[in-house]
2 protein chains.
Amino acid sequence: MKSTVDCMPCFLRQALEAVRMTTDDPALHEETIRRVLKMTAEMDLNVPPPVMGRRVHQLIRELTETPDPYQKIKRQYNQLALQWFNELQLRVRMADDPFRAAVLLAIAGNIIDFGVDGALCMQKVQDTIDQALDQPLDRSTLERLGQEIHNARSILYLGDNAGEIVFDRLLLELMPLEKVVFVVKGSPIINDATMEDAVQAGLTEIVRVIDNGSNAPGTVLEECSPVFRAAFESADLIIAKGQGNFETLNETAANLFFLFQAKCPVVAGHIGKPVGTFVLRRSDCLERIVKTK
Amino acid sequence: MKSTVDCMPCFLRQALEAVRMTTDDPALHEETIRRVLKMTAEMDLNVPPPVMGRRVHQLIRELTETPDPYQKIKRQYNQLALQWFNELQLRVRMADDPFRAAVLLAIAGNIIDFGVDGALCMQKVQDTIDQALDQPLDRSTLERLGQEIHNARSILYLGDNAGEIVFDRLLLELMPLEKVVFVVKGSPIINDATMEDAVQAGLTEIVRVIDNGSNAPGTVLEECSPVFRAAFESADLIIAKGQGNFETLNETAANLFFLFQAKCPVVAGHIGKPVGTFVLRRSDCLERIVKTK
């Protein structure tokens, strides 16, 4: 998915939120936004938003000399989600359709996204979880996902954010875990989950976890490690969490299922749904699937 | 009032809204935002936001070759406000305190501001008017304004937007009109009122109207005409409508009363009130008043 002119003001908002979270120095706030304004003025709109997002956050890490501005927030949300985990697991087990409930709660966890909302509060997360099981989901896509999970010999699960990956565990537990590889980012970017988060969330105890060797807030294949790319190429099924993965992989020829919340007007407009929609959808590009069937 | 880093993303939003309203050509949308990004990257934060606002809208008028993008909207809101006028006049007359009611409705009219909200809808204007008389106002400032109007030999009333100036008429009618000069902008800028609007709103029939010779969305004194500046210098009392006038004149040594709605977080933060507050306040700089008493 390409970037749009509407992404441009959003990069500035993100940059301001992120640099303010990292330092109280107004001179650094000003330098950051001026640098991001210049970068954005020259940016290539043909690339997906996460490519620029990574450059913005890279700049902030450099200017503020803070390698991981969101470390505390990530830890906090991992712990919070772990506190909720047993109750959420019970909700899945008690549901009429546990698979549907697990998918919805995995999507609910995607609300923990500090790229889209730097002022995200606990209450919003709680409300999203409480309303998760009432959200509509495309039934045929859900059934198809279930079939694909059942039939696949290898499944790649692309995680998104810290905290959210605990919610993913609800869905992972309904999957044949010996066939699954869970993927985190290669190094810190916003509040995206890294290996440290996977350990904190207990994922490494139940499933094989690899990192993708990149710190784009999505999956920019050409920048990922050979190990990850090989896993991506050979997977029968790829489950990709979050807007960033949708933005970067939606035109990729692979058997992809996207699970995310449409959190910005550009993405919501692209899929023709309101902001806030719980999305379960396949890749727009199904060539490879046709080819491999 | 100086600009802040938070004004920077806002200029981009404004630019996008304005250029989209003016043309459907995506190439012009992109050129506009890239140019505004570059301008904003280099902008002087020591000047008030309307200085930059004028440059942004100037650029859009030039790129789109449209001298007055908001002409239709201005006419529409003048007509709408005129349709409401008799009923509003009745509300003022029936009020326990007609002066307070007229001030509140003049502030309510300030919602008609396409700089702050390019997607402003009729319903929001209607809701603002309906709730106007329930808004709190600083009683002592209101009384002081009443006294100043009574005592002044010459009053300058700086209008803000088209449509809004019809609401100003409610307050003007309670003033000694022979002492009042009403001021509009020298040429089109956003939906700010010009002489054409003053004629449409019927203001020229009841009060002397001059233009300030400038098209900043506020009052940048050094750029105004000699005639306006002389009127500004000699006025005993200046009533200034709208955020733009507050932003540009709040540090000016003059007997100024500002009437506006705090419509953006930067201005709201500056005065320590929530966004949406109806504001009646004197200039922060009262040197000249002390000097002339």
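# Helix packing and chain contacts in a predicted two-chain model

H2(A) passes H2(B) in a left-handed crossing.

**The H2(A) and H2(B) pair**

- The axes of helix H2 (residues 26-41) of chain A and H2(B) come within 8 Å and cross at roughly 155°, an angle that makes H2(A) roughly antiparallel to H2(B).
- On the chain A side the residues that meet H2(B) are A:Arg34, A:Leu37, A:Lys38, A:Thr40 and A:Ala41, while H2(B) brings B:Arg34, B:Leu37, B:Lys38, B:Thr40 and B:Ala41 to this contact.
- Sorted by class, the residues of the contact of H2(A) with H2(B) are four nonpolar, two polar and four charged.

**The contact between the chains**

- Chain B gives 15 residues to the contact and chain A gives 15 residues, of which the largest share on the side of chain B that touches chain A, eight residues, comes from H2(B).
- The elements of chain B that give two or more residues to its side of this contact are helix H1 (7-22) and helix H2 (26-42).
- That side of chain B, where it touches chain A, is made up by class of eight nonpolar, two polar and five charged residues.

**H1(B) against H2(B)**

- H1(B) and H2(B) pack at an angle of about 155° with their axes 9 Å apart, and they are therefore roughly antiparallel to each other, in a crossing that is right-handed.
- From H1(B), the residues B:Met8, B:Phe11, B:Leu12, B:Ala15, B:Leu16, B:Val19 and B:Arg20 meet residues of H2(B), namely B:Leu28, B:His29, B:Thr32, B:Ile33, B:Val36, B:Leu37 and B:Thr40.
- This contact of H1(B) with H2(B) has, by class, ten nonpolar, three polar and one charged residues.

**H4(B) against H8(B)**

- Helix H4 (residues 71-94) of chain B packs with helix H8 (residues 164-172) of chain B at an angle of about 25°, their axes being 8 Å apart, which makes H4(B) roughly parallel to H8(B).
- The crossing of H4(B) and H8(B) is right-handed, and in the contact B:Asn78, B:Ala81, B:Leu82, B:Phe85, B:Leu88, B:Gln89 and B:Val92 of H4(B) meet B:Val166, B:Phe167 and B:Leu170 of H8(B).
- The contact of H4(B) with H8(B) has eight nonpolar, two polar and no charged residues.

**The domains of chain A**

- The domain assignment of chain A gives domain 1 (7-64) and domain 2 (71-292), and the C-alpha centres of these two domains of chain A lie 25 Å apart.
- Their contact takes 13 residues from domain 1 of chain A and 14 residues from domain 2 of chain A.
- On the side of domain 1 of chain A that touches domain 2 of chain A, helix H1 (7-22) and helix H3 (49-64) of chain A each supply at least two residues, and the residues of that side divide into eight nonpolar, three polar and two charged.

Technical notes
Residues are numbered from 1 along each chain as its sequence is written. Chains are lettered from A and ligands numbered from 1 in the order in which they are written. This is a predicted model: local features need pLDDT of at least 70, side-chain atom pairs count only at pLDDT 80 or more; totals for chains, interfaces and linings use all residues. Two residues are in contact if their C-beta atoms, placed from the backbone, lie within 7 Å. Helices (H or I, at least four residues) and strands (E, at least two) are DSSP runs, numbered from the N terminus. Ala, Val, Leu, Ile, Met, Phe, Trp, Tyr, Cys and Pro count as nonpolar, Asp, Glu, Lys and Arg as charged, and the others, Gly among them, as polar. Axes are lines fitted to C-alpha atoms, for helices over the stretch in contact, and angles run from 0 to 180 degrees between N-to-C directions. Angles under 35 degrees count as roughly parallel, over 145 as roughly antiparallel, 65 to 115 as roughly perpendicular and the rest as oblique. A crossing is left-handed if the near helix is turned anticlockwise from the far one by less than a right angle, and right-handed if clockwise. Domain bounds come from an automatic or database domain assignment.
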